[in-house]
Amino acid sequence: MKPKDNQPTLLSVQVPEPREEFIALDELTENAHGASNRLKATMRAVGQRTPIVVEELPYGGYRIRDGKRRTATARELGWNDIRALVYPTMSESQWALVLAGLHNRAPNPVEEARFFQELGQTLSIEGISANTGHPVQVIRAR
């Protein structure tokens, strides 16, 4: 059977596996204006449900890619460290794929739009859908 010419492009980008570890809050800087009372109450009652996502920088520091409010909340609660998925330095396209996949479970429209815009530099809307699992309608709306 002949393949269709209009099939979406799948990226051949390799995303490395992260390692999970606890990072001291002293090693992180977040630019968040604090967390909601709901997030604070949840983290106080049940702890951290989802690890933050950080990029390990070449000079040894970290850049928070997802989880600034969780980090700020942990700091407000007096925690010493936070659970994180640590990725090596990657391209913006790789980060867009990782973070779009994360936000598939808890969408943030502004963040999604930014990720889709980054992916749109190399992919069609159908290609973004095929690579992230987001419906075409959601990508167009963002």
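Guide: Arg-83 is buried in this predicted model. Its relative accessible area is 19%, and the cut-off for buried is under 20%. The side chain of Arg-83 meets that of Glu-20 in a salt bridge, 3.0 Å from N to O. Arg-83 sits in strand S4 and Glu-20 in strand S1, so this pair ties together parts 63 residues apart in sequence. Glu-20 has 49% relative accessibility and counts as partly exposed.

Strand S1 (residues 19-24) also holds Arg-19. Arg-19 forms a salt bridge with Glu-56, and their closest N and O atoms are 3.0 Å apart. Glu-56 belongs to strand S2 (residues 52-56), so the pair links parts that are 37 residues apart in sequence. Arg-19 is partly exposed, at 37% relative accessibility. Glu-56 is partly exposed too, at 26%.

Next, a pair between helices. Glu-126 and Arg-140 form a salt bridge, with the closest N and O atoms 3.7 Å apart. Glu-126 lies in helix H5 (residues 125-132) and Arg-140 in helix H6 (residues 136-141), so parts 14 residues apart in sequence are tied together. Glu-126 is partly exposed at 36% relative accessibility. Arg-140, at 55%, counts as exposed.

Then there is a network: salt bridges link Glu-55, Arg-63, Arg-65 and Glu-92. Trp-95 is in turn one of the residues that touch the most other members of the largest nonpolar core, a set of 16 residues. Over the whole structure, the search finds ten salt bridges.

Conventions:
Residues are numbered from 1 along each chain as its sequence is written. This is a predicted model: local features need pLDDT of at least 70, side-chain atom pairs count only at pLDDT 80 or more; totals for chains, interfaces and linings use all residues. Side-chain values use heavy atoms; hydrogens and water are left out. A nonpolar core is a set of buried Ala, Val, Leu, Ile, Met, Phe, Trp, Tyr and Cys residues joined through side-chain atoms within 4.5 Å. Buried means under 20% relative accessible area, exposed over 50%, partly exposed in between (1.4 Å probe, protein chains only). A salt bridge is a side-chain nitrogen of Lys or Arg within 4 Å of a carboxyl oxygen of Asp or Glu. Helices (H or I, at least four residues) and strands (E, at least two) are DSSP runs, numbered from the N terminus.
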